[in-house]
Amino acid sequence: MADMKTLKNQDLIMAYRLMQYNATPERQAEFMQEVVKARFLAPASFDPEPEEEEDGKLKLKPDTKVMFPEVSNNEGKKYFPAFSDYKSAQKWELKEGQRLVPTNFEDYAVMILRDENAAGFVINPFDENIR
């Protein structure tokens with residue numbers, strides 16, 4: 001991703017708002033299409049820490065472990081946070097060693113399938129809170 005700060009996903013947010021206003025099957029399908037197309041930002045930590053190349057890309061060593069934090073709702077269900085834009089991602093307090101990384105729907109599908117405790121992922125947990 002060229003520059004995380006320019007990520008917007010305006011079509012995703014518009015489709016979500018239209019679906020909220022009138023939740024027809026067509027609007028739900030349009031929203032899901034936007035979710036699948038979208039690029040997200042996710043907090044992640046690495047072991048060992050990656051090297052950052054001159055172009056800003058991360059260079060991971062073989063066998064690097066990538067860990068994604070989860071958030072819980074009131075019922076204790078765990079979700080991976082996904083941010084639709086840099087402004088929303090700034091509401092997440094990065095812990096030491098965490099950084100924002102670009103992700104997509106397919107990445108979240110893999111994370112969820114690998115973690116039996118994950119209920120899914122949540123888009124903009126501090127704003128729209130889309131699960």
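W92 is buried, with a relative accessible area of 13%, where buried means under 20% relative accessible area, exposed means over 50%, and partly exposed lies in between (1.4 Å probe, protein chains only). F126, by contrast, is partly exposed, at a relative accessible area of 43%. The structure is a predicted model, in which local features need pLDDT of at least 70 and side-chain atom pairs count only at pLDDT 80 or more, while totals for chains, interfaces and linings use all residues. Residues are numbered from 1 along each chain as its sequence is written, and side-chain values use heavy atoms, with hydrogens and water left out.

**Aromatic pairs**

- A search of the whole structure finds eight aromatic pairs, a pair being two rings of Phe, Tyr or Trp (its six-membered ring) whose centres lie within 6.5 Å, with planes under 30 degrees apart counted as stacked, over 60 as edge-to-face and the rest as tilted.
- One of them joins W92 and F126 in a tilted arrangement, with 6.3 Å from centre to centre and 40° between the planes.
- This pair links distant parts of the chain, since W92 sits in the loop between helix 3 (86–89) and strand 7 (98–104) and F126 in the segment after strand 8 (118–123), 34 residues apart; helices (H or I, at least four residues) and strands (E, at least two) are DSSP runs, numbered from the N terminus.
- Y108 and F121 form a stacked pair, 4.6 Å centre to centre and with 15° between the planes, and this pair also links distant parts of the chain, with Y108 in helix 4 (residues 105–114) and F121 in strand 8, 13 residues apart.
- Both Y108 and F121 are buried, and together with F40 and F105 they form one aromatic cluster.

**Surroundings of F126**

- F126 touches F83, K91 and W92, not counting residues up to four places away in sequence, where contact means heavy atoms within 4.5 Å.
- F126 and F83 are 43 residues apart in sequence, and their C-alpha atoms are 9.4 Å apart in space.

**Packing of helix 1 and helix 2**

- Helix 1 (residues 10–21) and helix 2 (residues 25–37) pack at an angle of about 160° with their axes 9 Å apart, the axes being lines fitted to C-alpha atoms, for helices over the stretch in contact, and the angles running from 0 to 180 degrees between N-to-C directions.
- The two helices are therefore roughly antiparallel to each other, as angles under 35 degrees count as roughly parallel, over 145 as roughly antiparallel, 65 to 115 as roughly perpendicular and the rest as oblique.
- The contact is made by D11, L12, A15, Y16, L18 and M19 of helix 1, together with R27, Q28, E30, F31, E34 and V35 of helix 2.

**Backbone features**

- Most residues other than glycine have a negative phi, and most peptide bonds are trans.
- N9, in the segment before helix 1, has a positive phi of about 55° although it is not a glycine, and at 16% relative accessibility N9 counts as buried.
- N124 likewise is not a glycine and has a positive phi, of about 50°; N124 is buried, with a relative accessible area of 1%, and touches I13, A82, F83, S84, S88 and N129, not counting residues up to four places away in sequence.
- A cis peptide bond, with omega of about 0°, joins D47 and P48, and P48 lies in the loop between strand 1 (39–47) and strand 2 (51–52).
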